[in-house]
Amino acid sequence: MALKGVLLRIRLPIIVVMHIAIVIVSYIFAFYIRFDFMLSQQEAQIILRTILVLILVKGCIFYFFNLFSGMWKYVSMEDMWQILKANSAATVSFVLFIVFTHGLIGYPRSVFILDWVLCTGFIAGIRFLSRSFRERFIPIKGQKR
């Protein structure tokens with residue numbers, strides 16, 4: 001029971017770190033997919049120059065859309081719509097940042113789409129997996145399995 005209390009107290013930081021990790025993995029994986037898993041020094045430099053901004057943009061927009069709150073054991077289609085809206089707004093904001101600060105010359109535009117698909121899928125997937133695990137292996141009090 002003490003472990004449950006500790007986990008509840010650090011729940012928000014865990015969720016924020018998990019989302020940041022998903023944003024980073026999605027972005028890097030989008031580059032790897034785009035360049036057939038062989039990144040050159042130029043692509044690696046693009047990632048390093050832009051990843052902090054991506055984390056800040058997506059983090060702020062995810063916070064605005066309340067993606068860091070809610071009960072994952074009750075995740076629903078409404079949550080999926082919030083994820084889609086939040087990630088779409090974050091991706092558009094990031095694209096605008098890149099266009100106005102760096103320009104699109106030398107930046108692979110397909111990465112934006114790949115990152116959006118991967119990030120949306122990973123964020124929704126982790127929530128639905130959490131709900132599925134909870135429904136399958138952690139019975140509700142008073143309910144027999």
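Here is a friendly set of questions and answers about this predicted model.

Me: Before we start, what should I know about the numbering and the pLDDT limits?
Reply: Residues are counted from 1 along each chain as its sequence is written, and side-chain values use heavy atoms, with hydrogens and water left out. Because this is a predicted model, local features need pLDDT of at least 70 and side-chain atom pairs count only at pLDDT 80 or more, while totals for chains, interfaces and linings use all residues.

Me: How many helices and strands are there in the protein?
Reply: Helices (H or I, at least four residues) and strands (E, at least two) are DSSP runs, numbered from the N terminus. Along the sequence the pattern reads α-α-α-α-α. The count is 5 helices and 0 strands.

Me: What share of the residues of the protein count as buried?
Reply: Buried means under 20% relative accessible area, exposed means over 50%, and partly exposed is in between (1.4 Å probe, protein chains only). The protein has 145 residues, and the part of them that counts as buried is 32%.

Me: What share of the accessible surface belongs to carbon and sulfur atoms?
Reply: Accessible areas come from the Shrake-Rupley method with a 1.4 Å probe, and for residues only the protein chains shown count as cover. For the protein, the accessible surface comes to about 9400 Å². The part that belongs to carbon and sulfur atoms is 71%.

Me: Which residue forms a salt bridge with Lys58?
Reply: Side chains of opposite charge can pair when their charged atoms come close. A salt bridge is a side-chain nitrogen of Lys or Arg within 4 Å of a carboxyl oxygen of Asp or Glu, and the structure holds 1 of them. In this one, the closest N and O atoms are 2.8 Å apart, and the partner of Lys58 is Asp115.

Me: Why does the pair of Lys58 and Asp115 tie together parts that are apart in sequence, and how many residues lie between those parts by position?
Reply: Both Lys58 and Asp115 are buried. Lys58 sits in helix H3 (residues 41–64) and Asp115 in helix H5 (residues 110–137), so the pair ties together parts whose distance in sequence is 57 residues.

Me: Which side chain is joined to that of Asn87 by a polar contact of 3.0 Å?
Reply: Asn87 belongs to helix H4 (residues 77–101) and is buried, at 0% relative accessibility. A polar contact is a pair of N or O atoms within 3.5 Å; within protein, one must be able to donate a hydrogen and the other to accept it, and residues adjacent in sequence count only if both atoms are side-chain atoms. The side chain joined to Asn87 at 3.0 Å is that of Lys58.

Me: Which residues is Ser26 in contact with, leaving aside its neighbours within four places in sequence?
Reply: Ser26 is part of helix H2 (residues 11–34), and it is buried at a relative accessible area of 0%. A polar atom of its side chain lies 2.7 Å from the backbone oxygen of Ile22. Contact means heavy atoms within 4.5 Å, and beyond those neighbours Ser26 is in contact with Asp115, Leu118, Cys119 and Phe122.

Me: Is the pair of Phe31 and Phe35 stacked or edge-to-face?
Reply: A search of the whole structure finds 9 aromatic pairs. Rings of Phe, Tyr and Trp (its six-membered ring) pair if their centres lie within 6.5 Å; planes under 30 degrees apart count as stacked, over 60 as edge-to-face and the rest as tilted. The rings of Phe31 and Phe35 have centres 6.5 Å apart and planes at 20°, so the pair is stacked.

Me: Where is Asp36, which has a positive phi of about 50°?
Reply: Most residues other than glycine have a negative phi, and most peptide bonds are trans. Asp36 is not a glycine, yet its phi is positive, at about 50°. With a relative accessible area of 58%, Asp36 is exposed. Its place is in the loop between H2 and H3.
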